[in-house]
Amino acid sequence: MRLKGKVAIVTGGANGIGRAAAKELIREGAKVVVADLDRANGERTVAEIEAEGGSARFFQADISQYDSVKVLVQDTLRHFGKLDIMFNNAGVVNRRESLLDLPVEEYHRTVEVNQHGVFYGIKAAGNAMKENGGVIINTASIYGFIADRKYFPYHASKGAVVMMTKAAALELAPYNIRVVAIAPGLVDTEIVKPLKARSEVWQAVEKAHMRGRAGNPVEVAKVVAFLASDDASFVNGSVLFVDDGAVAFKR
Ligand code: NAD
């Protein structure tokens with residue numbers, strides 16, 4: 001119960017890593033706002049949490065719109081009275097043969113969600129936390145560090161998340177707000193379903209991890225709970241790889 005009495009927002013909380021993180025934060029004693037575009041799965045996540053006695057709430061938000069993120073934070077403050085933990089996690093991925101054929105609009109959409117969405121979350125949460133401090137956790141990716149073919153906008157946006165984390169940590173330190181990021185490797189969620197459908201490709205990506213397998217969302221969620229807690233009180237401005245060593249070895 002390291003997060004007893006804390007209030008958290010989890011964007012992308014309807015599915016995958018966000019859903020597992022919402023449940024893990026609840027297990028550690030927090031109250032959680034599950035924020036997502038996906039109402040059906042967001043409400044399902046909240047219902048499952050409530051069935052186990054946890055306190056959660058769904059809020060439909062589009063993180064690519066600043067007004068939507070602002071209202072999400074305002075609603076959280078109104079409902080729970082404060083905000084201690086912001087997990088900026090919602091994201092999208094798109095695949096194109098080559099950046100030469102990449103529609104400009106598609107690049108913009110990925111950046112609007114993965115990069116601008118994280119900025120909006122940092123800004124809105126930072127303002128809500130500046131009196132009492134807090135923790136902001138951003139989901140980057142190993143693709144913020146290493147390049148693969150076909151994922152140009154994803155690389156651009158996740159690289160930005162890495163640097164925004166460091167710059168925001170520096171600016172928000174005077175308010176006792178820590179800003180950190182996680183960089184997952186392959187995690188078995190909806191976002192990688194198209195990859196999983198092609199078994200040779202999936203196996204090759206799994207092999208790029210030291211023990212040759214994808215992670216599961218709970219393995220990432222546990223790290224999020226640690227970073228959100230005072231056990232990580234001296235961790236700031238850093239990016240924690242949750243990737244079974246995928247970026248640590250030469251293939
Ligand atoms: P997921 O598809 O299961 O979850 C993503 C969630 O974000 C969904 O619930 C979706 O509805 C929500 N979302 C998308 N756009 C949104 C928007 N504009 N506003 C609000 N919500 C929105 O995938 P996941 O793997 O759980 O992804 C979570 C994060 O982890 C993403 O940022 C992703 O880039 C990152 N990540 C995933 C992997 C992986 O292999 N799964 C690896 C590295 C990083």
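Modeller: Before we start: helices are DSSP runs of H or I with at least four residues, strands are runs of E with at least two, and both are numbered from the N terminus. By that naming, E190 sits in the loop between β6 (177–184) and α6 (193–196). Keep in mind that this is a predicted model.

Biologist: Okay, what makes E190 partly exposed?

Modeller: Count its neighbours. Buried takes 20 or more other C-beta atoms within 10 Å, and exposed takes 12 or fewer. E190 has 13 inside 10 Å, so it counts as partly exposed.

Biologist: And which residues does E190 contact, leaving aside its neighbours within four places in sequence?

Modeller: N15 and G16. A contact needs C-beta atoms within 7 Å. In sequence, E190 and G16 are 174 residues apart, yet their C-alpha atoms are 6.6 Å apart in space.

Biologist: Now Y154. Why is it called buried?

Modeller: The cut-off is 20 or more other C-beta atoms within 10 Å. Y154 has 22, so it's buried. You'll find Y154 in helix α5 (residues 152–172), and it touches V93, T110 and Y143, if you skip residues up to four places away in sequence.

Biologist: What makes α1 largely enclosed by the rest of the structure?

Modeller: Of its 12 residues, 11 are buried, so the rest of the structure largely encloses α1. Among the buried ones are G16, R19, K23 and E24.

Biologist: How do you know what span to expect for α1?

Modeller: Take 1.5 Å times one less than the number of residues. α1 has 12 residues, which gives an expected 16 Å, and its first and last C-alpha atoms are 17 Å apart, close to that value. After α1 comes G29, with a positive phi near 105°.

Biologist: Which helix gives the largest share of the shell around the ligand?

Modeller: That's α1 (residues 16–27), with 3 residues. In total, 29 residues surround the ligand, and G12, G16, G91, T189 and I191 are the closest.

Biologist: How many residues of each class are in that shell?

Modeller: There are 14 nonpolar, 11 polar and 4 charged residues.

Biologist: How do you know what confidence the predictor has in the chain?

Modeller: pLDDT runs from 0 to 100. The chain's mean is 98, and 100% of its residues reach 70 or more. For the complex, the predictor gives an ipTM of 0.99 and a pTM of 0.99.

Note on methods. Residues are numbered from 1 along each chain as its sequence is written. This is a predicted model: local features need pLDDT of at least 70, side-chain atom pairs count only at pLDDT 80 or more; totals for chains, interfaces and linings use all residues. A residue is near a molecule or strand if its C-beta atom, placed from the backbone, lies within 6 Å of it. Ala, Val, Leu, Ile, Met, Phe, Trp, Tyr, Cys and Pro count as nonpolar, Asp, Glu, Lys and Arg as charged, and the others, Gly among them, as polar. Two residues are in contact if their C-beta atoms, placed from the backbone, lie within 7 Å.
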